[in-house]
Amino acid sequence: MVDKVDLRASANSISELFKYLKVGHLNDHMLNIVVAKDRTLDFHIHEESDEMFYIIDGKMQMEFDDSIVDLATGDFIIVPKGKRHRPVCKTLVKCLLIEKAGILSKANTGGTYTE
């Protein structure tokens with residue numbers, strides 16, 4: 001059976017900040033929703049995989065060594081592998097993350113990701 005996923009409903013079901021909700025798998029990639037606020041992660045690099053952030057609701061910034069990109073509801077950004085970056089979430093944001101399975105870790109999520 002093939003199921004659909006309502007991203008907004010899934011994001012709205014998350015009651016705690018910084019908890020990751022797995023909503024799907026696509027080949028060797030995983031799809032997680034996270035709700036964040038008042039958090040700036042440390043700069044980090046994913047050497048093995050690109051990473052995509054889709055803003056379901058709210059706004060955030062993606063900071064690079066040489067620029068800052070503003071993201072709002074409906075926007076997405078793909079961070080190429082090997083590119084140093086950090087998410088900056090000053091206000092409430094609900095975000096879908098798409099990346100290869102095994103890329104997310106406690107070290108690059110501020111200590112909140114668990115398998």
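A disulfide is a pair of cysteine sulfur atoms within 2.5 Å. In this predicted model, a search of the whole structure turns up 0 disulfides. Cys 89 takes part in none, and its nearest cysteine sulfur, that of Cys 95, lies 7.3 Å away.

**Cysteines**
- The sulfur of Cys 95 has its closest cysteine sulfur in Cys 89, at 7.3 Å, so the two are too far apart for a bond.
- Cys 89 is buried, because its relative accessibility is 8% and the limit for buried is under 20%.
- Cys 95 also counts as buried, at 3% relative accessibility.

**Nonpolar cores**
- In soluble globular proteins, nonpolar side chains tend to be buried together.
- Here, the largest nonpolar core holds 15 residues.
- Phe 53, Met 60, Met 62 and Cys 95 have the most contacts inside this core.
- Two or more core residues come from each of E2, E4, strand E6 (76-79) and strand E8 (93-100).
- E4 is the top contributor to this core, with 5 residues.
- Another core lies apart from this one and has 8 residues, including Leu 31, Ile 33, Val 35 and Ile 98.

**The E4–E5 hairpin**
- Strand E4 spans residues 51-64, and strand E5 spans residues 68-72.
- The two strands pair in the antiparallel sense over 5 bridges.
- E4 and E5 make a hairpin, with 3 residues between them.
- Across the pairing, Met 62 faces Val 69 of E5.

**Contacts of Met 62**
- Neighbours within four places in sequence are left aside here.
- Met 62 touches Ser 67, Ile 68, Val 69 and Leu 71, among others.
- Its contacts also include Phe 53, Ile 77 and Val 79.
- His 85, Arg 86 and Pro 87 are in contact with Met 62 as well.

- Phe 18 has a positive phi, near 65°, although the residue is not glycine.
- Phe 18 sits in the loop between helix H1 (7-12) and strand E1 (20-26).
- With a relative accessible area of 16%, Phe 18 is buried.
- Asp 38 belongs to the loop between strand E2 (29-36) and strand E3 (39-40).
- Is Asp 38 buried or exposed? Asp 38 counts as exposed, because its relative accessibility is 60% and the limit for exposed is over 50%.

Note on methods: Residues numbered from 1 in each chain as written. Predicted model: local features only at pLDDT ≥ 70, side-chain atom pairs only at ≥ 80, totals over all residues. Heavy atoms only, no water. Buried < 20%, exposed > 50% of the residue type's maximum accessible area, 1.4 Å probe, protein only. Pairing = 2+ DSSP bridges. Helix = DSSP H or I, 4+ residues; strand = E, 2+ residues; numbered from the N terminus. Core = buried A, V, L, I, M, F, W, Y, C linked by side-chain atoms within 4.5 Å. Contact = heavy atoms within 4.5 Å.
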